[in-house]
Amino acid sequence: MSAQILPHEVLLDDWFVALREVEPGSPAAFFDRDGTLIRNVPYLADSDEVCLERGAVEALSAYRRSGFAIIVITNQSGIARGLVTPAQYASVNQRMINLLGADLVDAIIACPFHPEGVAPWNVPDHPWRKPATGMIDAAASRFGVDVARSVLLGDSVIDIEAGLRAGIGHLIHLGTGHGQRDRAAVENLSRANPGTRISCLASLQSLEVEELAR
Ligand SMILES: [Mg+2]
């Protein structure tokens with residue numbers, strides 16, 4: 001008997017947008033979107049409101065030069081809640097890519113599911129929704145990414161938690177977006193996992209200094 005395919009499972013391909021091929025075995029830099037690459041605007045639906053965080057282009061370029069794949073992973077509960085249409089979500093991404101530069105992003109993966117959403121998006125505990133690891137696992141599987149040599153950057157504690165659970169080698173918490181709100185929780189997570197490399201930075205601008213100083 002074949003396993004039952006749930007209605008939301010057939011939709012996952014729509015939410016994994018691969019823009020370029022990745023060399024198998026490459027490490028990846030996993031970037032959260034809102035509050036990390038672009039300014040956090042709750043339930044952002046208007047592409048005219050997209051504004052890059054300072055240092056975003058330089059950060060992506062630094063990882064690109066070092067041979068990292070660049071993969072964006074983003075929770076988008078606004079889609080489940082009916083506040084952002086899939087077309088609006090796509091136009092926001094397109095605007096972000098236009099501002100960043102088309103060759104600096106390899107894939108954008110989103111989780112549109114949320115328990116408080118409307119059908120078919122009202123999925124409790126969806127395996128792609130951070131802090132679950134589904135988006136990272138899907139990228140690792142499709143591109144053959146070396147997860148242990150990878151890095152994850154995000155402004156929320158759930159970003160860092162997802163990276164920790166997935167086994168990503170370096171987790172970078174940024175003070176932009178929800179960063180100030182979640183900084184203490186990230187520091188607690190860091191203390192509870194002494195073997196894990198967790199860096200706390202003010203912004204992507206501070207990252208540039210850290211990466212270039214290696
Ligand atoms: Mg964020």
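1. P42 lies in the loop that separates β2 (28–31) from α1; helices here are DSSP runs of H or I with at least four residues, strands are runs of E with at least two, and both are numbered from the N terminus. P42 counts as exposed because it has 7 C-beta neighbours inside 10 Å. From C-alpha to C-alpha, P42 and Q76 are 10.0 Å apart, at a sequence separation of 34 residues.

2. The model is predicted: local features need pLDDT of at least 70, side-chain atom pairs count only at pLDDT 80 or more, and totals for chains, interfaces and linings use all residues. Residues are numbered from 1 along each chain as its sequence is written.

3. Helix α1 spans residues 56–65, and its residues A56, A59, L60 and Y63 are buried. Viewed down the axis of α1, the buried residues fall within an arc of 95°, so they line one face of the helix; the arc is taken over the directions from the helix axis to the C-beta atoms. Just after α1, G67 has a positive phi of about 90°.

4. V151 belongs to strand β5 (residues 151–154). V151 is classed as buried because 22 C-beta neighbours lie inside 10 Å. Leaving aside residues up to four places away in sequence, V151 touches A29, I168, H170 and I172, where contact requires C-beta atoms, placed from the backbone, within 7 Å. With the same exclusion, A29 touches Y63, F68, I70, V151 and L153.

How values were computed. A residue is buried if 20 or more other C-beta atoms lie within 10 Å of its own, exposed if 12 or fewer, and partly exposed in between; C-beta atoms are placed from the backbone. Two residues are in contact if their C-beta atoms, placed from the backbone, lie within 7 Å.
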